[in-house]
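Hi,

Here is the structure I promised to pass on. Have a look at it first, then read my notes on cavities and aromatic rings below.

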Amino acid sequence: MNELIERIQSGIEVRGNFIQLKERLKEASDIDAFLQCIEWDMDFFRQFLQHEDAKVRKNVIQIIGICGLDGLADDLFATYKEEKTLYLRAEYLKVLQGFEVSPYLSFFEKRVEEIQKMGDTKETEKHIGAELRCLTAILKKSGKISSHTFIGGDTMSVMILTTLSGKESYLKRAVEERIGEGKTTLVRGGVKVVSSDYENLMKVRCFQELLFVPPGMGKLSGSPAEMAEQMKKAGLLEYLEERMSGRAAYPFRVEVRGKMSEEERGKAIHQLSQQLERCSGHQLVNAPSDYEITLRFHKSSREETYALYLKFSLLPDNRFAYRKHVVPSSIQPYMAALIMEIIREDTKGRGQVLDPFCGVGTMLIERNYREHAHSLYGVDIYGQAVYWANEHAEQAHMDIHYVQKDMADFTHAYPFELIITNLPAATNGMEEERILEIYEQFLEKCREWLKPDGLVVVYTQSPSLLERALKNQSALRIAKQTDMYKNGKSRLYILTI
C-alpha cells in the first residue's frame with residue numbers, strides 16, 4: 001500500500017497505480033489502512049482531481065466514493081461544474097448521490113433544463129444521457145422531482161390484455177362483464193379493448209398484463225434512430241402527456257421480443273434506449289432499475305418491422321395485493337384466476353371447497369373472488385406456507401380455514417362439494433415415482449372427502465403422472481380436460497366420481 005502511494009505521489013505510472021489502488025480498496029480493512037497511510041490528508045485527492053489525464057481523474061473520483069469521503073463533496077461539485085470530458089460528468093454525480101447534495105440542487109435543476117434544450121451529436125448522446133440519468137436520480141431522491149401519476153381519466157385508449165394462448169375467449173367474457181359488450185376484440189394471446197374505464201378493467205383478475213397500443217406505431221422499421229424518429233412523429237410524447245402528470249422526464253426501459261440471438265437483443269435494447277433519449281430531447285430517460293414506462297418492441301415473424309406496446313408501472317394494479325409471500329411451487333395469481341374463469345360454469349353454486357395442497361392460499365382466494373363460498377378449507381404440510389396463507393386470507397378479508405397437515409392424514413366432519421388444487425409436480429425437485437405415489441394417495445382421499453355429486457378440479461404440470469394414477473383406481477374419471485399451455489406440459493382436469 002505504501003509503495004503504491006509513494007509511486008503515485010512521485011508521478012510514476014499514476015494511472016496504473018491508481019487502478020491498482022482502487023482494486024485494493026474493495027476490502028473495507030484496506031480502506032482504513034490507506035487513509036492512515038496518507039494521514040487522512042484530503043489534499044492527496046484534491047491535487048489529482050485537477051490531473052491532466054481524464055482517466056486518472058476518473059479513478060480518483062471513484063476512490064473518493066469507495067472511501068465515502070463526503071468531506072470532499074464541495075471539491076467534487078466544483079470540479080464537476082468545470083469538467084470538459086463528457087464521460088466523466090456522470091462519474092462525479094454517481095459519487096455525489098451518496099453525499100449531502102442540498103447546496104447543489106438548484107444548479108442540478110438548471111443543468112437538467114440545459115441538457116434538455118441542447119442538441120446531441122452522435123459523439124455526445126451516450127455521455128449526456130448518462131449525466132441526465134444521474135441528475136434525475138439525485139433530484140428525485142431529494143424530492144425536487146416527484147414521480148409521475150397515471151391520469152388516464154377520460155382518455156380513450158386502445159389496450160391489449162394478455163393471457164395464455166388459446167384462452168382468449170375466457171378473458172373476453174370476463175372483460176365484457178366489467179365494461180360491457182362491443183368494446184373488445186379477440187387477438188392472439190389476449191383481448192384488444194377500446195376504453196377509458198381503467199377502474200373496471202383492473203377488476204378483471206384473469207389477465208396477465210395490460211399493454212397500451214399507441215397509434216401509428218404498429219409497423220416501425222429501419223435503424224434504431226429511424227424508429228425513434230417515427231415514434232416522435234407519431235406523437236409518442238404527446239401520448240404520454242395525456243396519460244401521465246408531472247413535469248419531469250419520463251423514466252423508461254426497453255424490451256425487445258421476437259426471434260433473435262441474445263446478443264442481437266441486447267444491442268437493439270441499447271441502441272433503441274440511446275436513440276429514444278436523443279430523439280425526445282431527453283424527455284425520455286433510460287432508467288432500467290427505476291422506470292415508470294416499459295416500451296416493448298415486438299418483432300414481426302414475417303417482416304423486419306416492430307410493433308410498439310407500452311406498459312405503465314404507475315397504473316394502479318391492486319388485484320393481487322393480498323399476496324405478499326410465495327413458495328417455489330406457488331401458482332401465478334392471474335393463472336389461478338384464469339382457472340376459476342374456465343371452470344366457472346362447471347363449479348357454479350358449489351360452496352363447500354377444499355384445497356389439499358393449498359400452499360400460500362392463492363387458489364382458494366381466487367375461487368372466492370370468482371364466486372363466494374361459504375366454507376373454505378386449505379391443507380398443506382409446510383407450516384410456513386400455511387402461516388402465509390392465513391396472512392393472505394386476512395389481507396383479502398376472507399374467512400378461510402387453513403390446516404397444517406399432510407393431506408393423507410386430513411379428515412373432515414362433512415364431505416366437500418368441490419376440491420380444487422394445484423398439484424405438486426415432478427419439476428419441483430421430487431422424483432416422478434414419489435409424485436405418482438402422492439397423486440395416488442390424493443385420488444384415494446378424494447373418495448373420502450368428496451360428496452357423491454362433487455367435483456375435483458386439478459391443475460398439474462405432470463399430466464402424464466396424473467393419468468397414470470387415474471388408471472390405477474376406479475373411483476374418479478376425467479369429465480373434462482384442457483391444456484393450459486400449447487406445449488401440453490400443464491393441464492387442467494375436471495374429475496367426477
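Helix 12 (224-233), helix 13 (236-243) and helix 14 (262-279) each give at least two residues to the lining of the largest cavity. Helix 12 has the largest share, with 3 residues. Keep in mind that this is a predicted model. The volume of that largest cavity comes to about 70 Å³, and its lining consists of A228, M231, K232, L236, L237, L276, C279, S280 and L284. Sorted by class, that makes 7 nonpolar, 1 polar and 1 charged residues.

Searching the whole structure turned up 2 cavities of 30 Å³ or more. The second largest cavity holds about 40 Å³ of space. Its lining splits into 4 nonpolar, 4 polar and 2 charged residues; K140, H148 and E292 are among them.

Now the rings: the whole structure has 25 aromatic pairs. One of them is F18 with F48, edge-to-face, at 5.1 Å centre to centre and 80 degrees between the planes. F18 sits in helix 2 (residues 14-24) and F48 in helix 4 (residues 43-49), so this pair ties together parts 30 residues apart in sequence. F18 and F48 are both buried.

F77 and Y104 are stacked instead, 4.2 Å centre to centre with 15 degrees between the planes. F77 belongs to helix 6 (residues 73-82), while Y104 is in the loop between helix 7 (86-96) and helix 8 (105-117).

Over the face of Y80 lies R89, 4.4 Å from the ring centre. R205 does likewise with Y369, at 3.7 Å from the ring centre.

Cheers

Methods. Residues are numbered from 1 along each chain as its sequence is written. This is a predicted model: local features need pLDDT of at least 70, side-chain atom pairs count only at pLDDT 80 or more; totals for chains, interfaces and linings use all residues. Side-chain values use heavy atoms; hydrogens and water are left out. On a 1 Å grid over the protein atoms alone, a cavity is a set of points where a 1.4 Å probe fits but cannot get out, and a pocket is an open set with protein on both sides within 12 Å along at least five of seven lines; lining residues have an atom within 4 Å of a point. Grid points are joined across faces, edges and corners, and a volume is the space filled by probe spheres set on the points. Helices (H or I, at least four residues) and strands (E, at least two) are DSSP runs, numbered from the N terminus. Ala, Val, Leu, Ile, Met, Phe, Trp, Tyr, Cys and Pro count as nonpolar, Asp, Glu, Lys and Arg as charged, and the others, Gly among them, as polar. Rings of Phe, Tyr and Trp (its six-membered ring) pair if their centres lie within 6.5 Å; planes under 30 degrees apart count as stacked, over 60 as edge-to-face and the rest as tilted. Buried means under 20% relative accessible area, exposed over 50%, partly exposed in between (1.4 Å probe, protein chains only). A charge sits over a ring if NZ of Lys or CZ of Arg is within 6 Å of the ring centre and within 35 degrees of the ring normal.
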